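Student: I have a structure open and would like to understand the terms used to describe it. Could we go through them together?

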Amino acid sequence: MKVNANQEVEVKSNLVTGSDLLVQALEKAGVEVVFGYPGGAVLPIYDALHRNDTSFKHVLSRHEQGSIHAAEGYARVSGKPGVVIATSGPGATNLITGITDAMMDSIPLVVFTGQVAEQVIGTDAFQEADMIGITTPVTKYNYQVNNIADLPRIVNEAFHIATTGRPGPVVIDIPKSISETVTINDYEDDFYLPGYQPTVYPNPMQISKITDELSKAERPVLLAGAGILLSGATEELKQFVNNWEIPVVTTLLGLGSYPGGDNLSLGMGGMHGTYTANTAIYESDLLINIGARFDDRLTGNLQHFAPNAKVAHIDIDPAEIGKNVKTAIPIVADAKQALNVLLQQEVNRGDYTKWLDKLKGNQKKYPLWYDRGDNPISPQWLIEQIHEKSNGEAVVTTDVGQHQMWAAQFYPFKNPDNWVTSGGLGTMGFGFPAAIGAQIAKPDHLVISLVGDGGFQMTLQELAILKSQNLPVKVVILNNDALGMVRQWQETFYEKRYSHSLFSENPDFVKLAESYGIKGMRVSDEKDVPEALEEAFSYDGPVVIDCRIDRDTCVYPMIAPGKGMHEMIGVTK
Amino acid sequence: MKRIIIATVQDRGGVLNRITGMLNRRQFNIESISVGASDVRGISKMTFVVEVSDKQKLEQLTKQLNKQIDVIKVLDVTDKAIVTRELALVKVVATNQTRAEIMTLISAFRADVIDISKDSLTIQVTGKPEKVDALISLLRPYGIKDLTKTGLTAFPRGYQPEQGYSELNSVSAHG
């Protein structure tokens, strides 16, 4: 029989490896960037990245934790899912902090972990770790690919699950034997998930209950959470709030969902929220929560949380409604869709004049305050300077601790998606790599990474990425040679027994930056701050600024643990 | 309060681990679980008996179950007209003197002897948990060598009267 030469070529070109299928699936999903680190079990995948002219780029970190926090920062700022690749065993376990962080803060991630070959799974093989077992409690969903024919469908499903409903991380564990298998390129990626159909549209009857209550209320408050940002509902929120003249409290993760500094904005609520925001919730008779999950750092002691309020809660995750706070009007919906229906209702507000006057009075009487020194620098003043020099328009990422709270208090965000912080998990080492992802998402935007000297040292090896990718991130270290928040709690609750919270040895951060080929600066005096910030922010490239701040400054006001929202300390000087 | 909850799930890898892990992590107290195939390929049914402190906790439980990607449907059948069954295997000491006595005793429970040896009988009993427990306590004086229970499985009845059936379904004697 005669063989048609053309036909043979065609058959050959239709043969691909599992890794090629993965690359194709990522391209089909519209991935722009992958954050990763190679290793034994993902060698076939990395070979496919090398072999194919991929439509996405790969950013090489120096530690897998750097990859995943960068992916989180990218996702938070771009609204697109962050994609991560790591090898099996230690590569995969190094991702756990980031996966858990993304789970807590509802950040969409699709994470690929290598796995040892199927033949040796379960034998304690070299670099084997049970990633399905380990990640089940900290992922929205996870998969191990056991049949190459499933790979395109699983990737497609994973992106769908990660980005819809309440977003979250999805892990796909790929055995090396799957990624290196040669196969035909002919698999469907259609999926059917009968158990996963998030409710997006609200029940209109429930929505009209909110407006009914609003027309009867005297002291309404709206609590705006990250759900507003995730559903892209900031414009709708602004319109709704302005139509009804409801004062707005934002959660830590919800900062930017309503313009900070606006007339109706009371600022952040919670443990280090403003006095006005917290007492407003405490005294309210109607609390409308849109897209927040009543986290304990917001509510304080639940017994004293909004004791006189009727609570309405709009959330896309039904399990969040009624979990911590008794809810009179539960609404399962996407924030944007719920607000759209709310906007269709007739505006018939109660008389809030007295209420708004009272809140205005509180804002005037009990503003955020701080003591001003000259040398070292007052951290809150420094944040205000950063706000001023960046016109309040920078993307700001933070780590966790005092600097995070000062940033939340003193950098009012007028725009959405400019605030990237680790809320639920409270991950030190998050802020700096997150800024890398944020800068990749917005290459032309000023991205400022506010970090403490403690957290920065957990992931500073990623300075190598700033250099290699030439990312102009401005790293501002609020350096007090201490774990500031730990120190503060030891001062307040442990009679100043500073157990292991003060650093006696810190590196020279300027030299450190320079050793990576990055511009390093140091400021210790307040008079040098404005000029240094201007220089750094206008510099075309990455900068690390070591700002020597006062060690003894505490974050105030504060709701002490176990206390109610009405029991704030440090409200005035 | 004890509740009987039936979850219809997609039979994907690790689904049981996923669900029991979640229940454990969120501090729900599970008394029994039984899992088995349904008549639809790829779909399994899980029946849980759980002890919850109040309504709010119960609501959280059903919501958290529903939130699992693999869970298709969650039904709290405690207050419905239902049929519940459990199966137990009991290996009891039996001598020449007691063997006949035990066999008579279990016949009232419509239980079966499924294995006989020189010094023991293995008995299979099926029914509501109360019935199973009643037989077990009757057998105990003879000396129980081994015991295993499947856990409860349940079904709503075809006919559902208007009124609640919580009292009929009381499983308080169980466990």
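Student: What describes the packing of helix α12 of chain A and helix α15 of chain A in this predicted model?

Tutor: Two packed helices are described by the angle between their axes and the distance between the axes. Here α12(A), residues 234-244, and α15(A), residues 335-344, pack at about 35°, and their axes are 9 Å apart.

Student: Why is the way α12(A) passes α15(A) called left-handed?

Tutor: The word applies if the near helix is turned anticlockwise from the far one by less than a right angle. α12(A) passes α15(A) in a left-handed crossing, so the near helix is turned anticlockwise here.

Student: Which residues of α12(A) and α15(A) meet, and how do you know that they are in contact?

Tutor: The test is that C-beta atoms, placed from the backbone, lie within 7 Å. From α12(A) come E236(A), L237(A), Q239(A) and F240(A), while α15(A) brings K336(A), L339(A), N340(A), L342(A) and L343(A). By class, this contact holds five nonpolar, two polar and two charged residues. E236(A) and K336(A) are the charged ones, because Glu and Lys both belong to that class.

Student: Into which domains is chain A divided?

Tutor: Chain A has domain 1 (14-184), domain 2 (204-365) and domain 3 (379-555). The C-alpha centres of domain 1 and domain 3 of chain A lie 30 Å apart.

Student: How many residues of domain 1 of chain A are in contact with domain 3 of chain A?

Tutor: On the domain 1 side there are 23, in contact with 26 residues of domain 3 of chain A. The elements giving two or more residues to the domain 1 side are α4 (64-78) and α6 (96-104) of chain A. α4(A) gives the most, with 11 residues. This side has seven nonpolar, 11 polar and five charged residues.

Student: And where does chain B touch chain A?

Tutor: 17 residues of chain B are in contact with 15 residues of chain A. On the chain B side, α1 (15-25), α2 (55-67) and β4 (71-76) each supply at least two residues. The largest share, six residues, comes from α2(B). That side of chain B has three nonpolar, eight polar and six charged residues.

Student: What makes a residue of chain B count as buried, and how many do?

Tutor: A residue counts if 20 or more other C-beta atoms lie within 10 Å of its own. Of the 175 residues of chain B, 27% are buried in this sense. The chain has four helices and nine strands, and its C-alpha trace spans about 55 × 40 × 30 Å along the principal axes.

Note on methods
Residues are numbered from 1 along each chain as its sequence is written. Chains are lettered from A and ligands numbered from 1 in the order in which they are written. This is a predicted model: local features need pLDDT of at least 70, side-chain atom pairs count only at pLDDT 80 or more; totals for chains, interfaces and linings use all residues. Axes are lines fitted to C-alpha atoms, for helices over the stretch in contact, and angles run from 0 to 180 degrees between N-to-C directions. Two residues are in contact if their C-beta atoms, placed from the backbone, lie within 7 Å. A residue is buried if 20 or more other C-beta atoms lie within 10 Å of its own, exposed if 12 or fewer, and partly exposed in between; C-beta atoms are placed from the backbone. Domain bounds come from an automatic or database domain assignment.
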